Amino acid sequence: MGLTFQSTQSTALKDLFKIEKTDDQYVIALAGNPNTGKSTVFNVLTGLRQHTGNWPGKTVVNARGQFKYNKKEFILVDLPGTYSIFASSVEEEVAREFLCFGNPDAVIVVVDATCLERNLNLVYQIMELTNNVILCINLIDEARKKNIIIDSEGISKELGIPVVLCAARSGLGIKELKDTLYKVCERKIIPSPKTVIYNDDIEEKLKEIQPLIEEYLTKEKYINGNGINSRWLALRILDGDSKLIKSISSNFNIDIYRFKDMGELSGLSSDDTKRSNLRDLISESIYKKAEMVKEKYVREDKNKIKRDRKIDSYVTSKHFGIPLMLLLLGIILWITIKGANYPSSVIADFLFGIEDKLTLWFKSMNYPEWLHGLLILGIYRTLAWVVSVMLPPMAIFFPLFTILEDLGYLPRVAFNLDHLFKKAYAHGKQCLTMCMGFGCNAAGVTACRIIDSPREKLIATLTNNFVPCNGRFPTLIAISAVFLAAKEGSSLILPTLSVTGLIILGILVTLLMSYVLSKTILKGIPSTFTLELPPYRMPQIGRVLYTSIIDRTIFVLWRAIIVAAPAGAITWLLANIHIGNSSILNHLATFFDPFAKFIGLDGFIIMAFILGLPANEIVLPILLMSYLSTGSMIEFESIESLRKILLDNGWTYLTALNTMLFSLLHWPCGTTILTIKKETGSWKWTALGILIPTCVAIFTCFITTTIFRIFGWA
Amino acid sequence: MSKLNDIPAGNYVKVKDLLSDGMLRERMLALGLTKGAKIEVVQHGPSGDPTIYNIRGAMIALRKEEASLILVTPC
């Protein structure tokens, strides 16, 4: 089986350690608790655009970027958020490995100004590891809104390291951060961290071990401060973290096992209970210090903090929680459907108007029919369909979803649905990866990295496809609009409800299949789960809308050129190259037709889904292309013509329902398939990732068809 | 001494001990659940589970399986 703890870890490390640097470059690690705006700091410093969503665990890929300051180049590595250096998850292990062995020249620890106490745990741990630490207290604007006042100079004196207050989102404090970073790297500021002093017992043991380690290290030519911190190493030997000790041994090529006995000599054995007591004591001491620092240097206004609580008392409440979620989903869909209507018509008129002109021009130039067919009827028409029908809904839904994400709503969704996921034996974080699938299934699959246990990660990966991605929404919307909205301009409530219903069905299928997988091929025990609910943060709506719409539009246009155009060309060719007495397309459609009719579809629909493998948004355009290529002469003046085309080709309510169901449940798109292969490293699981949805889709369509036929509705 | 999952919303308690071990224990310590830490039970989810706890200023949701491993006494 390809997916083991080893493989996920080693691939992740391989991503990290390829940092080659010159003498004029500094490698800087960006560490911090999850959800502290670390990635925003990263973006602002490097100018890259890594998306920053407001939910814990968002950074799953280690991002790297660079920037110049005062003629020096800084390579910045954005580590996943971690609560501690003592890894309790794969992500944290990855971050820990880089901090310990990636040899950064400096570490910037980003903390949340509104939650300083908890964040200081990591800061103190990192201060024990290396001297070159800079504390970046971020989200200072959020803190001000809550009347939280922080004495940064006091904290700086207390900790012995430079402190910079930031509001990365608006660029506040960034220049100071760069400047401080420069000075630390150039040794103009020399931080001298005042680490935590532990109880007498521990400190005495350290006094025994530390000199021995230092002697050994200097003998082996490691200089303290530019390699391993001897006190830190002594502490690790005492608390006997065998995995970490093994890592240290192999990464630094030193024989640390010789010190294993030190732990025993000094009276602290490798007895598990004694060891975990030591970890407890260490954590306790660090938190006592953190509490003290917070008491002394942070002023809070208890009343202002209540705002989030009040909101959450509704959003996550027993009675309102889930209905509110459904309502929100419905509203977003309604806005998408309604908002896309007008732009779609306008773009369609424009683009298809040009098509007529192009056709005239072709005729006047006496170019051959087939060229006109291939270029205009094939490529151009498909492009026109994708841009006019598919683009507007995608460009509206995605930004709205991003706003919800940035607001911090997704963890609340995970909280509300958790009891269902628990019943399905799925990991609590699967809800988050499922939500990611709404944007893009490939992104959802990548997001599954936040789930540590391989078994649950696989379940989340294999079921991600059951929520409709951005590319499938327009198909669902278009079909439901055609069949449920009486005429142009009528109320769009029914299509909204039906698409909402389909999404709920998708979620239910996700839960059901997770349960089935947990009971059959992916048996195992559910793992532990803690979910942090970050404070609500007002997204900069204007900026999000603007960048998201532009971003989406460019993406869809690019995809249209790369994928839709060739697909349109191929479809036209298949429809117009004749073998025997009929076109290839007809042959293929006829081949699939009996099977298709059996499950309430037709051969052309199946063909369209197959040809639409590269990108889901081209399925409907390809289907229309195929229908039109069989000879009907329809002019499209508006989306209305969509209805005529479908009805003319034998569509009934059953066909519409089944096509929507098939779109919801069928095999993943090409990008997702490749992503599954990349993330699981196994052809076996990738094949299952294709097979399972396909079977579910076929089965579901079969059921509806049978029901319809039994009741004589079809 | 009681288990955290038995404490209803609106109460404040102090951590006495952790019954977890391994990675879960490490995670709990990292979240701030050390001896003597104050916890506020904020809200129960739809259908009672998970529950939101205020731990050192952060809102953390724990399932009852995890919460039952935290022994607490009233503040």
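This is a predicted model: local features need pLDDT of at least 70, side-chain atom pairs count only at pLDDT 80 or more; totals for chains, interfaces and linings use all residues.

Colleague: Which residues touch the most other members of the largest nonpolar core?

Modeller: That core holds 219 residues, and those touching the most other members are A:I28, A:L30, A:V109, A:I126, A:L135 and A:C136. Helix α15 of chain A, residues 369–407, gives the most to this core, with 19 residues.

Colleague: And what does A:V109 touch?

Modeller: Leaving aside residues up to four places away in sequence, A:V109 touches A:A31, A:G32, A:L122, A:V123, A:I126, A:V133, A:L135 and A:C136.

Colleague: Switching topic, how do α23(A) and α24(A) lie, parallel or perpendicular to each other?

Modeller: The axes of α23(A), residues 584–598, and α24(A), residues 603–611, cross at roughly 110° and come within 7 Å, and the two helices are therefore roughly perpendicular to each other. Residues making the contact include A:L588, A:F591 and A:F592 of α23(A), and A:F604, A:I605 and A:M607 of α24(A). By class, the contact residues are ten nonpolar, two polar and one charged.

Colleague: Now the chains: how many residues does each give to the contact?

Modeller: Chain A gives 31 residues and chain B gives 29. On the side of chain B, the largest share, eight residues, comes from α1(B), and that side has 14 nonpolar, six polar and nine charged residues.

Colleague: Which strand of chain A pairs with β5(B)?

Modeller: Strand β9 of chain A, residues 530–533, pairs with β5(B) in the antiparallel sense over four bridges, and A:T530 stands opposite B:L62.

Key:
Residues are numbered from 1 along each chain as its sequence is written. Chains are lettered from A and ligands numbered from 1 in the order in which they are written. A nonpolar core is a set of buried Ala, Val, Leu, Ile, Met, Phe, Trp, Tyr and Cys residues joined through C-beta atoms within 7 Å. A residue is buried if 20 or more other C-beta atoms lie within 10 Å of its own, exposed if 12 or fewer, and partly exposed in between; C-beta atoms are placed from the backbone. Two residues are in contact if their C-beta atoms, placed from the backbone, lie within 7 Å. Axes are lines fitted to C-alpha atoms, for helices over the stretch in contact, and angles run from 0 to 180 degrees between N-to-C directions. Angles under 35 degrees count as roughly parallel, over 145 as roughly antiparallel, 65 to 115 as roughly perpendicular and the rest as oblique. Ala, Val, Leu, Ile, Met, Phe, Trp, Tyr, Cys and Pro count as nonpolar, Asp, Glu, Lys and Arg as charged, and the others, Gly among them, as polar. Two strands pair if DSSP finds at least two bridges between them.
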